[in-house]
Amino acid sequence: MNASHRSFGARLAEFREQRFGLFIHWGLYALAARHEWVKQRERLTDERYRVYFEQFAPDLFDPDAWAEAAGDAGMRYMVLTTKHHDGFCLWDSALTDYCVTGTPYGKDLVGPIVSAFRAKGLGVGFYHSLIDWHHPDFPIDGLHPAYAEGVSNEGRDITKYADYLHGQVEELLTRYGPIDTMWFDFSYSARRRGGKLTPGGKGRADWRSEELVALVRRLQPGALINDRLEVPGDFVTPEQYQPAGPVGEVWEACQTLNGSWGYDRDNLDWKPVDLLVRMLVDTVSKDGNLLLNVGPNGRGEFEPGALATLRGIGEWMRLHGRSIYGAGPSAYQAPPDCRYTQAGDRLYVHLFSWPYRHLHLPGLAGRVRYAQLLNDASEIRTLIPDPSVDSGHTRLSALPDGTLTLQLPVRRPDVAVPVIELFL
């Protein structure tokens with residue numbers, strides 16, 4: 001059902017079942033290849049940064065390949081950066097010339113990406129920066145590239161900028177059909193560094209956040225809105241960390257492959273596949289979603305390392321997807337180095353480490369009718385040790401009442417994270 005024709009509750013339920021999505025950070029910064037905040041980090045002037053605008057020509061851009069890579073990785077939706085903090089727009093905005101149609105590429109990028117992902121059956125969301133380091137009415141503040149240069153704010157009007165911001169959101173939500181998510185980034189009126197507030201920090205009043213939310217609700221009533229407008233959102237967005245326990249709200253962790261959101265050529269700090277799978281499992285066990293980022297390069301391709309990582313995750317998801325999609329936390333307490341997810345009467349034991357021969361599950365004695373390895377459906381035998389039976393030096397020591405013991409093979413399955421499926 002299209003986002004614009006379904007209830008908000010149905011959309012929220014769908015979001016919680018999807019569990020795994022693709023974040024795409026793409027813009028002029030892909031040419032610099034030194035992080036998406038390169039303009040701010042290196043205090044680049046508009047003139048210096050314009051070289052990337054004049055050179056932007058992604059001749060290898062293939063949105064179908066992007067969608068295929070996401071689908072093969074087991075992702076169920078994507079969120080695309082329509083505009084990042086540098087102000088550059090990936091669509092033909094009527095409100096600015098600082099958009100893709102003014103570059104050598106000269107064509108809309110958002111439409112083809114949306115179409116490709118929809119054709120693959122994946123959900124579509126838009127990231128949109130509340131910040132704009134290029135717009136002449138956006139007041140210079142402590143995060144702005146020009147702040148250290150002492151550039152005056154004379155003539156800059158945040159009210160006019162907010163009109164521009166709302167106008168661009170209206171363009172995005174009326175041109176591309178049903179949109180599942182509006183992912184705004186970010187408010188910083190109370191942001192502190194070194195114990196001091198960020199000079200000129202902006203937030204709810206500057207963006208006219210209540211009005212912006214009302215605009216989204218009117219144009220796309222089925223769309224979810226994140227939590228970065230300084231007003232309550234539909235889900236919260238922990239970034240670059242994993243919550244220690246259940247969050248108590250609908251949530252989506254956003255994570256990178258290597259610490260950078262945009263393409264960063266020399267950043268080789270790649271997370272291995274097994275770590276990313278553990279992060280996904282950990283997220284679902286705490287009732288969250290994982291939004292995993294890829295930054296395409298300046299020619300419009302996912303780099304080989306990103307593709308290899310997505311393929312590795314996809315191989316695990318092909319075999320273990322039912323422990324993720326539509327699954328969530330369990331009321332049972334998992335043993336150390338394990339995570340539980342549960343879907344109905346199936347409990348999934350994700351083993352972050354592989355024990356020798358036996359795995360002891362508290363509180364599950366008499367509650368499991370069958371157990372198997374999920375990767376190949378091979379049976380895992382269960383037992384409830386009787387401490388009164390002494391078979392010599394090989395009997396299990398006494399275990400707490402209610403403990404179920406699984407008898408594991410010595411050899412660990414050759415998968416990123418082994419999973420045992422318990423039929424309760």
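Entry 1, a cis bond. I began with phenylalanine 186, which lies in the loop between strand S4 and strand S5 (192–193). I was working on a predicted model throughout, so I kept to what its computed geometry says. The peptide bond that leads from aspartate 185 to phenylalanine 186 is cis, and its omega is near -10°. I noted beside this that most peptide bonds are trans.

Arginine 19 has a phi near 70°, a positive value in a residue other than glycine, and I found arginine 19 in the loop between helix H1 (8–18) and strand S1. Is arginine 19 buried or exposed? With a relative accessible area of 3%, arginine 19 is buried, since the cut-off for that word is under 20%. Aspartate 287 likewise is a residue other than glycine with a positive phi, near 70°, and its place is the loop between helix H10 (273–285) and strand S9 (288–294). For context I wrote down that most residues other than glycine have a negative phi.

I traced an open sheet of 7 strands, whose pairing is parallel and whose order reads S7-S4-S3-S2-S1-S9-S8. Which strands stand at the edges? They are strand S7 (224–225) and strand S8 (251–255), each of which has a single partner strand, so that one side of each is left without a neighbour in the sheet. Within this sheet I checked the pair made by strand S1 (residues 20–24) and strand S2 (residues 77–83), which run parallel and are joined by 4 bridges. Glycine 21 has tyrosine 77 in S2 as its bridge partner. Helix H7 (residues 158–175) lies across S2, strand S3 (123–129) and strand S4 (181–185), and I recorded that H7 runs at about 165° to S3.

I next followed an open sheet of 3 strands in the order S12-S15-S14, in which the pairing is antiparallel. Strand S12 (358–361) and strand S14 (381–383) are at its edges with a single partner strand each, and therefore one side of each has no neighbour in the sheet. From one strand to the next the twist averages 30°. I went through both pairings in turn. S14 is joined to strand S15 (residues 404–407) by 3 bridges; here threonine 382 stands opposite leucine 406 in S15, while arginine 381 has glutamine 407 of S15 as its bridge partner. S12 is joined to S15 by 4 bridges, and these two strands also run antiparallel, with histidine 360 standing opposite threonine 405 in S15.

Notes: Residues are numbered from 1 along each chain as its sequence is written. This is a predicted model: local features need pLDDT of at least 70, side-chain atom pairs count only at pLDDT 80 or more; totals for chains, interfaces and linings use all residues. Side-chain values use heavy atoms; hydrogens and water are left out. Two strands pair if DSSP finds at least two bridges between them. Contact means heavy atoms within 4.5 Å. Axes are lines fitted to C-alpha atoms, for helices over the stretch in contact, and angles run from 0 to 180 degrees between N-to-C directions. Buried means under 20% relative accessible area, exposed over 50%, partly exposed in between (1.4 Å probe, protein chains only).
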